[in-house]
Amino acid sequence: MRHRPTPRPTPPDEGNYLRIEVDGRGATYWRLPFPVLLARLQQRILASDLERIARADTGDSAQVNAVLDDAVDLWCVAGAAVGLCWHDLDSDLDSDRHAHPDLMQYGEAVLEELHDAGWTAQQIGQVYPRLLAAVVRVMPPASEVAGRMGFSEARRGAATS
């Protein structure tokens, strides 16, 4: 994590910006990126079997391992969301999204960086659901996206005028 020589101005708690109170950290600030950047992360969450994680049968080691894999994926999703929305007034993340083309790897790098900076799992757990809820609010409905994307490619030799 790099200290900013000049702090960011405090953003408004509206529009693409959020202010979230975090235990042990006070007010934290976040910026929602263009929603499509988080769409893949949302797909990961929706595809995950949260009920299976919650009901893990500790007697079945294969099931427990599968549940742990899902839990790790969810934490990586949380890390990626936190990293994409990071807007701390005094510091920037060293983790570079462009250095990690896979968002899950980026999420893992963000989690490691936050851990090194003293963030706890509880603190990340306070931030992530609020970020996800804000992203869901600004995403257009799937039907609207499908309607906009419902065009076909021009046929070869078709008239262009």
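Helices (H or I, at least four residues) and strands (E, at least two) are DSSP runs, numbered from the N terminus. Arg8, for instance, is found in the loop between β1 (2-3) and β2. This is a predicted model, in which local features need pLDDT of at least 70 and side-chain atom pairs count only at pLDDT 80 or more, while totals for chains, interfaces and linings use all residues. Residues are numbered from 1 along each chain as its sequence is written, and side-chain values use heavy atoms, with hydrogens and water left out.

Start with the overall layout. The protein chain has six helices and four strands. From the N terminus on, the order is β-β-β-α-α-α-β-α-α-α. Buried means under 20% relative accessible area, exposed over 50%, and partly exposed in between (1.4 Å probe, protein chains only). Of the 161 residues of the protein chain, 34% count as buried. Contact means heavy atoms within 4.5 Å. Among contacts in the protein chain with a separation of 6 or more, 67% come from residues 24 or more positions apart.

Now take the hairpin. Two strands pair if DSSP finds at least two bridges between them. Strands β2 and β3 run antiparallel and are joined by six bridges. Ile20 stands opposite Thr28 in β3. Three residues lie between the strands of this hairpin, and Gly24 takes a positive phi near 80°. In a regular strand the side chains alternate between the two faces of the sheet. Strand β2 (residues 17-22) has a covered face made of Leu18, Ile20 and Val22. Its uncovered face carries Tyr17, Arg19 and Glu21.

Rings of Phe, Tyr and Trp (its six-membered ring) pair if their centres lie within 6.5 Å; planes under 30 degrees apart count as stacked, over 60 as edge-to-face and the rest as tilted. The structure holds three aromatic pairs. In one of them, the ring centres of Trp30 and Trp86 are 5.5 Å apart and the planes stand at 85°, so the pair is edge-to-face. This pair links distant parts of the chain. Trp30 sits in strand β3 (residues 26-31), and Trp86 in the loop between α3 (61-85) and β4 (91-92), 56 residues apart. Trp30 counts as buried because its relative accessibility is 1%. Trp86 has 10% relative accessibility, so it counts as buried. Trp30, Trp86 and Trp119 form one aromatic cluster.

The nonpolar interior comes next. A nonpolar core is a set of buried Ala, Val, Leu, Ile, Met, Phe, Trp, Tyr and Cys residues joined through side-chain atoms within 4.5 Å. The largest such core has 22 residues, of which Trp30, Val82, Leu114, Trp119, Val127 and Leu131 touch the most other members. The elements giving two or more residues to this core are β2, α3, α4 (103-116) and α5 (121-138). Leu114 touches Met1, Val82, Trp86, Leu93, Trp119 and Ile124, not counting residues up to four places away in sequence. A second, separate core has six residues, including Cys76, Val77, Ala78 and Tyr128.

Which state does Cys76 have, buried or exposed? It counts as buried, because its relative accessibility is 6%. Cys85, at 0% relative accessibility, also counts as buried. A disulfide is a pair of cysteine sulfur atoms within 2.5 Å. By this rule the count comes to zero disulfides.

His3 is found in strand β1. His3 counts as exposed because its relative accessibility is 63%. Leaving aside residues up to four places away in sequence, His3 touches Asp90 and Ser91. A polar contact is a pair of N or O atoms within 3.5 Å; within protein, one must be able to donate a hydrogen and the other to accept it, and residues adjacent in sequence count only if both atoms are side-chain atoms. A polar atom of the His3 side chain lies 3.3 Å from the backbone oxygen of Asp90. The C-alpha atoms of His3 and Leu93 are separated by 8.9 Å, although 90 residues lie along the chain from one to the other.

Ser91 lies in strand β4. With a relative accessible area of 11%, Ser91 is buried. Its C-alpha atom is 5.0 Å from that of Arg4, 87 residues apart along the chain. Beyond its neighbours within four places in sequence, Ser91 is in contact with Met1, Arg2, His3, Arg4, Arg8 and Trp86. Arg8 in turn contacts His87, Asp88, Leu89, Ser91 and Asp92, again leaving aside neighbours within four places. The side chains of Arg8 and Asp92 are joined by a polar contact of 3.1 Å.
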